[in-house]
Amino acid sequence: MDVGVFIPIGNNGWIISATSPQYMPTFLLNRTVVQKAERYGLDFALSMIKLHGYGGSTEYWDYNLESFTLMAGLAAVTERIKLMASVAVLTLPPALVARMAVTIDSIAPGRFGVNIVSGWQKAEYDQMGLWPGDEYFGYRYDYSSEFVAVMKELWEKGESNLKGRFFTMDDCRLLPHPSKPITVVSAGQSERGMRFVADYCDYSFVATGGLNNPTAIAPTIERLNRATAGANRTIGALVLIMIIADETDEAANAKLQRYNAGADFEALAWMGSQSAMDKKASAESTAVLLANAKQNARPSYLQTLCGSYATIAAQLDEVAAIDGVAGVMLAFDDFVLGMDQFGRHIQPLMKSRASIAMAQAI
């Protein structure tokens, strides 16, 4: 099973709490995290794109770096790990993003991928006058499909003449070609989002809420397996998981209780109000996942594994055993400490990472 890290490009990572570790997103922090990930044999690192935070007392995600420029910097200071940047498709033309991707591929040949963000949070785009109107909720994957089709034509053929509903290419050119095919990923969990994955992507990021229930994601992955069964390539699921670890279950649970006690309800409420704007969102969509986090007053909306190193290793092995899982993408309460906990204590106990742990030991 592959393991990646969801790097802290936004302040305070993925816990919306005043009592969790507080930190700003900097290149130094992300370089430290990704270089540790590479040293411990992790397979990839992904940075999100977030253009408007949630506020509250913690100013949650009000501070954010830009994904492509960050990954270009990280490409220059790493040697092996795969790097994936995120693009909000409403903000940039596909031909420009395709060229940006080829540029980073020249820094890190064969190690770059693009995460497609179709856009669910209206405020991110409205603030810049880029929101097409609320009808966009209904056609955002049609828009993303044309966006990726243009990029793939440019990467594979060096030119695109696509004439679509949203994009019109007129002898659009792109050289050089990337050194290897550029990986495309997406996090669409609705039925339409999964069709987009089946048509255009190599991996799908999947997420669910809950605590210490590693197989809770199985129904979502089963839906993904059905949706992608007819694709002409293997499409794997990458499961988003929050790790809160310590030497004992009791110590880890004490951390979790402390974070829960400091939940930033104002930020959670704002996130919930944004996610509720898509009135036709399906029960499986990212918007509903975020709304549920607000409703349940949980400071992390990701599936959370909390416990001792041995407990978390066993739970991650349970995730690895689910049919269709290609890997996991991990977030941590404290990313620098969390990377060391995973690399030194958790990974060596995982059966699904035995070969990596053995290589690290040699």
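Visitor: Why is Cys-201 called buried?

Guide: This is a predicted model, and in it Cys-201 has a relative accessible area of 0%. Buried means under 20%, so Cys-201 counts as buried.

Visitor: What makes Cys-172 count as buried or exposed?

Guide: Its relative accessibility is 17%. The cut-off for buried is under 20%, so Cys-172 counts as buried.

Visitor: Where is Ser-118, and how do you know whether to call Ser-118 buried or exposed?

Guide: Ser-118 lies in the loop that runs between strand E4 (112-117) and helix H4 (122-126).

Visitor: What makes the pairing of the side chains of Ser-118 and Arg-140 a polar contact?

Guide: The two side chains come to 2.7 Å, and the limit for such a pair of N or O atoms is within 3.5 Å. Beyond its neighbours within four places in sequence, Ser-118 is also in contact with other residues, including Val-89, Tyr-136 and Ser-144.

Visitor: Why are helices H5 and H6 called roughly parallel?

Guide: Helix H5 (residues 136-157) and helix H6 (residues 191-200) pack at an angle of about 10 degrees, and their axes are 10 Å apart. Angles under 35 degrees count as roughly parallel, therefore H5 and H6 are described that way. Among the residues making the contact are Val-148 of H5 and Phe-196 of H6. The contact residues comprise five nonpolar, three polar and three charged.

Methods. Residues are numbered from 1 along each chain as its sequence is written. This is a predicted model: local features need pLDDT of at least 70, side-chain atom pairs count only at pLDDT 80 or more; totals for chains, interfaces and linings use all residues. Side-chain values use heavy atoms; hydrogens and water are left out. Helices (H or I, at least four residues) and strands (E, at least two) are DSSP runs, numbered from the N terminus. A polar contact is a pair of N or O atoms within 3.5 Å; within protein, one must be able to donate a hydrogen and the other to accept it, and residues adjacent in sequence count only if both atoms are side-chain atoms. Contact means heavy atoms within 4.5 Å. Axes are lines fitted to C-alpha atoms, for helices over the stretch in contact, and angles run from 0 to 180 degrees between N-to-C directions. Angles under 35 degrees count as roughly parallel, over 145 as roughly antiparallel, 65 to 115 as roughly perpendicular and the rest as oblique. Ala, Val, Leu, Ile, Met, Phe, Trp, Tyr, Cys and Pro count as nonpolar, Asp, Glu, Lys and Arg as charged, and the others, Gly among them, as polar. Buried means under 20% relative accessible area, exposed over 50%, partly exposed in between (1.4 Å probe, protein chains only).
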